[in-house]
Amino acid sequence: MNDAQLLRYSRHILLPQIDVAGQERLLAARVLVVGAGGLGSPAALYLASAGVGTLVLADSDTVDATNLQRQILHRESSLGEAKVESGRLRLHEINPECRVIPLNERLDEQRLLAEAALADVVLDCTDNFATRHAINRACVARRKPLVSGAAIRFDGQIAVFDARQPQAPCYHCLFPEAQDVEEVRCAVMGVFAPLTGIIGSMQAAEALKLIIGCGTSLAGRLLLLDGLAMEWRSIAVPRDPQCGVCGCG
């Protein structure tokens, strides 16, 4: 690191769990963030400000007025722009040294496999089960850790699925794709604005810990937040040996 970087990241470097070595790992890291909306906004902002070297931001949507209530990566002046381009500009303002690669597309299976292979950590900041399962399959196939978040109404959840750990579950173990799961989206159900900030920031925190190699990740646990009562619950998530994605089922 040069002198400017030592100064910029000095508050990280002061932490013995991070130090210079951990910060250098962040500077060399590549993170894939799928979704530049309510969860992807705070996640990407914290990843860039923390010094992640390369951020791949994937989203096919454009900025709409209804996004501005919670998607803090975007501005009034961004209305009508591609979210990834709006995000790239904001992230450059936060940290010009962070290389942001905007992917203005809905990643198909092959693109997810290719991008997951290049990433150190993948963040699922999407809002539909089909995409979440596709991201999970790519992460399991490439053995890359996945940080998954969700927020709807006043309820949030976050989990880590680390395919590098033999006994760790994947997203499919928790929410089997074949099951009839109700699809709820904030466009219909609404979402409390700060909730996306809480969950998205925690996704960034888990990703940074995984890259640095400090602390204990949420692998094998699901955290549930009741935003009205501001109460957390932690649920153990075992690996399903018959899982059709990560098991032998």
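Reader: Is Tyr171 buried or exposed?
Author: Tyr171 is buried, at 1% relative accessibility. Buried means under 20% relative accessible area, exposed over 50% and partly exposed in between, with a 1.4 Å probe and protein chains only. Keep in mind that this is a predicted model, where local features need pLDDT of at least 70, side-chain atom pairs count only at pLDDT 80 or more, and totals for chains, interfaces and linings use all residues. Residues are numbered from 1 along each chain as its sequence is written, and side-chain values use heavy atoms, with hydrogens and water left out.

Reader: How many aromatic pairs are there?
Author: The count comes to four aromatic pairs. Rings of Phe, Tyr and Trp (its six-membered ring) pair if their centres lie within 6.5 Å; planes under 30 degrees apart count as stacked, over 60 as edge-to-face and the rest as tilted. One of the pairs is Phe129 with Phe175, a tilted one with 6.2 Å centre to centre and 55° between the planes.

Reader: Which parts does the pair of Phe129 and Phe175 tie together?
Author: Phe129 lies in helix α7 and Phe175 in the loop between α8 (171–174) and α9 (186–189), so the pair ties together parts that are 46 residues apart in sequence. Helices here are DSSP runs of H or I with at least four residues, strands are runs of E with at least two, and both are numbered from the N terminus.

Reader: And how do the rings of Tyr171 and Phe175 sit?
Author: Their centres are 5.3 Å apart and their planes are at 45°, so the pair of Tyr171 and Phe175 is tilted. Phe175 is partly exposed at 22% relative accessible area, while Phe129 counts as buried at 16%.

Reader: Which residues form the aromatic cluster?
Author: Phe129, Phe161, Tyr171 and Phe175 form one cluster.

Reader: What lies over the face of Phe129?
Author: That's Arg132, at 5.3 Å from the ring centre. A charge sits over a ring if NZ of Lys or CZ of Arg is within 6 Å of the ring centre and within 35 degrees of the ring normal.

Reader: Switching topic. What lines the second largest pocket?
Author: It has 16 lining residues, and Val140, Ala163, Gln165, Ala168 and Cys246 lie nearest the centre. A pocket is an open set of points on a 1 Å grid where a 1.4 Å probe fits, with protein on both sides within 12 Å along at least five of seven lines, and lining residues have an atom within 4 Å of a point. α7 (129–142) and β6 (155–162) each supply at least two lining residues, and α7 gives the most, with three.

Reader: How do the lining residues of that pocket divide?
Author: Ten are nonpolar, two polar and four charged. Ala, Val, Leu, Ile, Met, Phe, Trp, Tyr, Cys and Pro count as nonpolar, Asp, Glu, Lys and Arg as charged, and the others, Gly among them, as polar.

Reader: Where is Gln203?
Author: Gln203 is in helix α10 (residues 193–212) and counts as buried at 0% relative accessibility. Gln203 and Ala43 are 160 residues apart in sequence, with 6.2 Å between their C-alpha atoms.

Reader: What about Gly38?
Author: Gly38 is in the loop between β1 (30–34) and α4 (40–50), and Gly38 is buried too, at 12% relative accessible area.

Reader: Last one: how many helices and strands does the protein have?
Author: Ten helices and eight strands. Buried residues make up 51% of the 249 residues.
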